[in-house]
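Subject: Handing over the model

Hi there,

Here is the structure I promised to pass on to you. Please have a look at it, and then read on for my notes.

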Amino acid sequence: GQAPEGGLVYDDAAAIETGVDGVTAVVVEQNSTETVKAGDVTLEDVEILGTTIGFPSVRDMEIADGRYFNEQENERKSKVAVLGYTVAQELFGDTNPVGQYIKIGNTKVAVIGVFKEKGLVGNTDFDSRIYLPIKLVFQKFTPSMFARFMGDSVRMIYVEVDPDANQDELITQIELLLAKRHDVSLDSADFTVTTQQDIISTQESTTSAFRSLLAWVAGVSLIVGGIGIMNIMLVSVTERTREIGIRQSIGATPEDIRLQFLTEALLLSIVGGLIGVIVGVGGAYIFGSLSDMRTVISLPSILLAFGSSAIVGAFFGYYPANQASKLDPIEALRYE
């Protein structure tokens, strides 16, 4: 059966596991947010995740202390919980949470285990959640008045498949099975099937678009900076015409003059590049410590930034340096 608003229900998971060849494990998830208390500590808006016994293997999570709940505890709606690493720290500090009791909403629950630290995966913080048997979550935290007729509505079903199985065939089988169970056509399906490859492809296309945008912004910045250097050097050549004439009269060749101004332009851009690198690295560290997003500083990017600034200095500094080297020494000495 299916909930009146459509979508997946808990019984769909068992149907997929038994009715589709090549499926090795199925995990169902249903979440809620609750206030959690342990002794004097109260945490608000903690994510509660109701799930099934295959969760640790499918989601690649290890128990650090205690154990995970079993099928019998799920079926009996046992009031047991496994804590994420961060939640365990916040609720109990250095005390071992296993065997202690916590209050989730108005329900008293025994802590039977704690997960090892997993960290952020995408936008999901696995360590700041509390994991409960899914049937307990249906009963206590997401009760539905339609559940007894239609089945408990779930947000997502994770399916682990045999690596040797044909993934496209499996997806088709799952879609046909669910469409039949929900009494819908594939064109008007009340569910979607997404593979990890789809998620990776979406993220890669988003990342590449963002990278292209940053490259264009950086390119425009380099051109604007280069034009700035060229203007400064042209003004400098005009202001120092007499100095150039004196240098030429005591034996400086056009090559010497060109090298002098090119070196100045290079020095300007390299100092600018150095300041930019310091600001960039400092900004990345500050951003990383203040936000949840992890920042990585790679040496090649620093070398690329430094190299780019030197190339810009040389490229845009060549024209003013060349103009300086072409000055007539007699005209230059007369210039005031």
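Is Arg67 buried, partly exposed or exposed? At 38% relative accessibility, Arg67 counts as partly exposed. In these notes, buried stands for under 20% relative accessible area, exposed for over 50%, and partly exposed for what lies in between (1.4 Å probe, protein chains only).

Some ground rules before the rest. This is a predicted model, in which local features need pLDDT of at least 70 and side-chain atom pairs count only at pLDDT 80 or more, while totals for chains, interfaces and linings use all residues. Residues are numbered from 1 along each chain as its sequence is written, and side-chain values use heavy atoms, with hydrogens and water left out.

Confidence

The pLDDT is the predictor's confidence in each residue, from 0 to 100. For the protein chain its mean is 81, with 92% of the residues at 70 or more. Strand 4 has the highest confidence, at 92, and helix 6 (residues 147-150) the lowest, at a mean of 47. Helices (H or I, at least four residues) and strands (E, at least two) are DSSP runs, numbered from the N terminus. The pLDDT is below 50 over residues 1-5, a stretch that has 14 contacts in the model beyond near neighbours in sequence. It is also below 50 over residues 145-150, where there are 8 such contacts. A contact means heavy atoms within 4.5 Å.

Salt bridges

Side chains of opposite charge can pair when their charged atoms come close. I count a salt bridge when a side-chain nitrogen of Lys or Arg is within 4 Å of a carboxyl oxygen of Asp or Glu, and the structure holds 7 of them.

Arg67 pairs with Glu73, with 2.7 Å between the closest N and O atoms. Glu73 is buried, at a relative accessible area of 11%. Another bridge joins Lys135 and Glu75, whose closest N and O atoms are 2.9 Å apart. This pair links distant parts of the chain, since Lys135 sits in helix 5 (residues 134-140) and Glu75 in helix 3, 60 residues apart. Glu75 is partly exposed, with a relative accessible area of 41%.

Glu255 and Arg258 also form a salt bridge, at 2.7 Å from N to O. Both belong to helix 10 (residues 254-290) and are 3 residues apart, about one turn of the helix. Arg258 is buried, at 18% relative accessible area.

Buried side of helix 4

Which residues of helix 4 (residues 85-92) are buried? They are Val87, Ala88, Leu91 and Phe92. These residues lie on the same side of helix 4 because they cover an arc of only 100° around the axis, taken from the directions from the helix axis to the C-beta atoms. Their cover includes strand 1 (23-38), strand 2 (41-51), strand 4 (80-83), strand 5 (101-104), strand 6 (107-115) and strand 9 (129-133). Gly93 follows helix 4 and has a positive phi, near 60°.

Strand 1 is also where Glu29 is found. Glu29 is buried, with a relative accessible area of 1%. Leaving out residues up to four places away in sequence, Glu29 touches Leu49, Gly50, Thr51, Phe55, Arg59, Ile134, Val154, Arg155, Met156 and Tyr158.

Backbone and surface

Asp45 has a positive phi, near 55°, and its place is in strand 2. Asp45 counts as exposed, at 61% relative accessibility. The phi of Lys77 is positive too, about 55°; Lys77 belongs to the loop between helix 3 (71-75) and strand 4. At 34% relative accessibility, Lys77 counts as partly exposed.

On the surface, Phe210, Leu213, Leu214 and Val217 form a nonpolar patch with about 400 Å² of accessible area together. Patches are made of residues with over 30% relative accessible area and no salt bridge, joining like charges within 9 Å and nonpolar side chains (Val, Leu, Ile, Met, Phe, Trp, Tyr) within 5 Å. Accessible areas come from the Shrake-Rupley method with a 1.4 Å probe, and for residues only the protein chains shown count as cover. Phe210 is in helix 8 (residues 196-239) and is exposed, at a relative accessible area of 52%.

Best wishes
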